[in-house]
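Subject: Structure handover and notes

Dear colleague,

I am passing on the structure below, together with notes on what was found in it. Please read the notes with the coordinates open beside them.

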Amino acid sequence: GDHLRDDAGWDEDGWRTRIADAYAVCLFVPLVDLDDATGFTQFWPGSHVSRSLVGFGGVAEATQATLDGKCRAGDGIFYDYRLLHRGMPNRSNILRPVIQIIFKKKWYIERANYGVESIVKDATSEMDMQHGSK
């Protein structure tokens with residue numbers, strides 16, 4: 001996102017489900033350099049191990065337990081989908097496009113952050129339809 005004035009607040013994408021074990025990782029690839037001007041994603045390392053840390057992002061700031069995801073365009077950052085993170089403000093005049101790819105267990109369907117319809121066709125279903133099988 002652009003986060004033009006303030007940070008986006010601490011987010012816990014992966015803790016929206018009740019599963020405590022790892023089930024997804026995210027690959028985050030910025031298409032522009034991420035720095036103090038364009039903003040970046042800030043992570044709280046280790047926060048993925050306990051659901052009880054959700055809502056306590058301020059503690060990470062106060063104890064300086066954060067990791068700034070400053071990086072160059074095309075660099076990749078992998079993180080456990082449960083890791084607490086937040087988007088820092090974009091104070092530049094350019095957009096901050098990123099690609100996020102979620103590698104997940106087969107049963108998990110991401111609906112909270114990216115909508116309910118896939119932008120990728122299900123090749124298996126399409127082949128089944130072409131061959132008349134179900």
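R86 lies in strand β5, which spans residues 85-87; helices (H or I, at least four residues) and strands (E, at least two) are DSSP runs, numbered from the N terminus. The model is a predicted one, in which local features need pLDDT of at least 70 and side-chain atom pairs count only at pLDDT 80 or more, while totals for chains, interfaces and linings use all residues. Residues are numbered from 1 along each chain as its sequence is written, and side-chain values use heavy atoms, with hydrogens and water left out.

With a relative accessibility of 7%, R86 counts as buried, where buried means under 20% relative accessible area, exposed over 50%, and partly exposed in between (1.4 Å probe, protein chains only). The side chain of R86 is joined to that of Q42 by a polar contact of 2.7 Å; such a contact is a pair of N or O atoms within 3.5 Å, and within protein one must be able to donate a hydrogen and the other to accept it, with residues adjacent in sequence counting only if both atoms are side-chain atoms.

Strand β5 also belongs to an open sheet of three strands, ordered β3-β2-β5 with antiparallel pairing, two strands being paired if DSSP finds at least two bridges between them. Because β3 (67-68) and β5 stand at the edges with a single partner strand each, one side of each is left without a neighbour in the sheet. Between β2 (residues 41-43) and β3, the antiparallel pairing runs over two bridges, and F43 stands opposite L67 in β3.

How many salt bridges does the count come to? The count comes to three, taking a salt bridge as a side-chain nitrogen of Lys or Arg within 4 Å of a carboxyl oxygen of Asp or Glu. One of them is between the side chains of D33 and R72, at 3.3 Å from N to O; this pair links distant parts of the chain, with D33 in the loop between β1 and β2 and R72 in the loop between β3 and β4 (77-80), 39 residues apart. D33 is partly exposed at 33%, whereas R72 is exposed at 56%. K70 forms a salt bridge with D36, where the closest N and O atoms are 2.8 Å apart, and this pair too links distant parts of the chain, from the loop between β3 and β4 to the loop between β1 and β2, 34 residues apart. Here K70 is partly exposed, at 39%, and D36 is exposed, at 53%. In the salt bridge of R82 with D80, the closest N and O atoms are 2.7 Å apart, and both residues are buried.

As for disulfides, meaning pairs of cysteine sulfur atoms within 2.5 Å, the count is zero. C26 is buried, with a relative accessible area of 0%, and C71 is buried as well, at 12%.

Turning to the loops, L31 sits between β1 (24-30) and β2 and is partly exposed, with a relative accessible area of 46%. Q64, in the loop between α1 (57-62) and β3, is exposed at 73%; Q64 and W44 are 20 residues apart in sequence and 9.4 Å apart in space, C-alpha to C-alpha.

Best regards
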